[in-house]
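These are my notebook entries on one chain. I list below what I looked up, entry by entry.

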Amino acid sequence: MTVSAPDLKAFLLATPFFGGLTDAGLDLLMSMLVECHFDVGATVVAEGESGRSMFIVKSGRLAVSKRANSGSVIPISVLEPGDFFGEMSLIEMQNRSATVIAESPTVLYELTAQKLYACYKADIHAYVIVLQNINRELCRRLRRADDRFAGHRVGEEDG
């Protein structure tokens with residue numbers, strides 16, 4: 001099914017990555033996205049490989065995992081529509097930190113580092129909003145990891 005521009009815009013505005021953007025900024029970023037399709041079991045990104053793009057999940061379900069020193073695979077998280085991943089490779093210019101595998105037929109929107117730089121050149125305001133959104137999400141993930149490390153359940157309130 002083809003998604004119309006208004007439907008795509010509404011979906012993107014509801015994701016943490018695109019929140020707060022002006023119409024012009026959102027239109028610019030929408031024009032930079034490439035739609036990618038993955039079948040069940042497909043590896044979208046592999047831990048250790050070079051990465052120069054990030055992805056926003058349009059549909060499907062993906063499993064994120066890391067390999068332990070012992071060689072075993074450790075599940076990290078599950079990604080669903082509206083989530084994004086791969087942003088770390090854009091920010092720190094390092095290899096992929098985890099493996100992401102499609103658990104169901106999946107549609108992703110890819111944004112490359114080159115396109116993100118083009119956004120910076122064309123609309124610095126939109127670029128700053130996107131970086132703020134990425135930073136907010138990274139902070140949420142760090143808090144969840146801290147809570148898991150400390151033995152708290154995620155979402156549990158102190159009382």
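**Helix packing**

I began with a helix pair: the axes of helix H2 (residues 23-32) and H4 come within 10 Å and cross at roughly 150 degrees. I took axes as lines fitted to C-alpha atoms, for helices over the stretch in contact, with angles from 0 to 180 degrees between N-to-C directions. H2 and H4 are therefore roughly antiparallel to each other; angles under 35 degrees count as roughly parallel, over 145 as roughly antiparallel, 65 to 115 as roughly perpendicular and the rest as oblique. I noted the crossing of H2 and H4 as right-handed. A crossing is right-handed if the near helix is turned clockwise from the far one by less than a right angle, and left-handed if anticlockwise. Helices (H or I, at least four residues) and strands (E, at least two) are DSSP runs, numbered from the N terminus.

**Basis of the entries**

The model is predicted: local features need pLDDT of at least 70, side-chain atom pairs count only at pLDDT 80 or more, and totals for chains, interfaces and linings use all residues. Residues are numbered from 1 along each chain as its sequence is written, and side-chain values use heavy atoms, with hydrogens and water left out.

**Salt bridges**

I next searched for salt bridges, each defined as a side-chain nitrogen of Lys or Arg within 4 Å of a carboxyl oxygen of Asp or Glu.

Which parts of the chain does the pair of Lys-9 and Asp-27 tie together? Their side chains meet in a salt bridge at 2.7 Å, N to O. Lys-9 lies in helix H1 (residues 5-13) and Asp-27 in helix H2, so the pair ties together parts that are 18 residues apart in sequence. Asp-27 counts as partly exposed, at 38% relative accessibility. For this scale, buried means under 20% relative accessible area, exposed over 50%, and partly exposed in between (1.4 Å probe, protein chains only).

I then looked up Glu-47 and Lys-66, whose side chains form a salt bridge at 3.3 Å, N to O. This pair links distant parts of the chain, 19 residues apart: Glu-47 is in the loop between strand E2 (43-45) and strand E3 (53-59), and Lys-66 is in strand E4 (residues 62-67). Glu-47 is partly exposed at 29% relative accessible area, and Lys-66 is partly exposed at 32%.

A further salt bridge joins Glu-80 to Arg-61, with the closest N and O atoms 2.9 Å apart. Glu-80 lies in the loop between strand E5 (73-79) and strand E6 (84-85) and Arg-61 in the loop between E3 and E4, so this pair ties together parts 19 residues apart in sequence. I recorded 38% relative accessibility for Glu-80, which counts as partly exposed. Arg-61 also counts as partly exposed, at 34%.

Which residues are linked in a network of salt bridges? I found Glu-87, Glu-137, Arg-140, Arg-141 and Arg-144 in it.

**Nonpolar surface patch**

On the surface I located a nonpolar patch formed by Tyr-117, Tyr-120, Ile-124 and Val-128, with about 380 Å² of accessible area together. Accessible areas come from the Shrake-Rupley method with a 1.4 Å probe; for residues, only the protein chains shown count as cover. Patches are made of residues with over 30% relative accessible area and no salt bridge: like charges are joined within 9 Å, nonpolar side chains (Val, Leu, Ile, Met, Phe, Trp, Tyr) within 5 Å.

Helix H4 (113-122) and helix H5 (124-150) each supply at least two residues of this patch. Tyr-120 sits in helix H4 and is partly exposed, with a relative accessible area of 36%.

**Backbone and separations**

I checked Met-93 and found its phi near 55 degrees, a positive value in a residue other than glycine. Most residues other than glycine have a negative phi. Met-93 is in the loop between helix H3 (87-92) and strand E7 (99-102) and is exposed, with a relative accessible area of 54%.

Ala-122 belongs to helix H4 and counts as exposed at 57% relative accessibility. I noted 18 Å between the C-alpha atoms of Ala-122 and Val-34, which are 88 residues apart along the chain.

My last entry concerns Glu-35, in strand E1 (residues 34-38). Glu-35 and Pro-75 are 40 residues apart in sequence and 26 Å apart in space, C-alpha to C-alpha.
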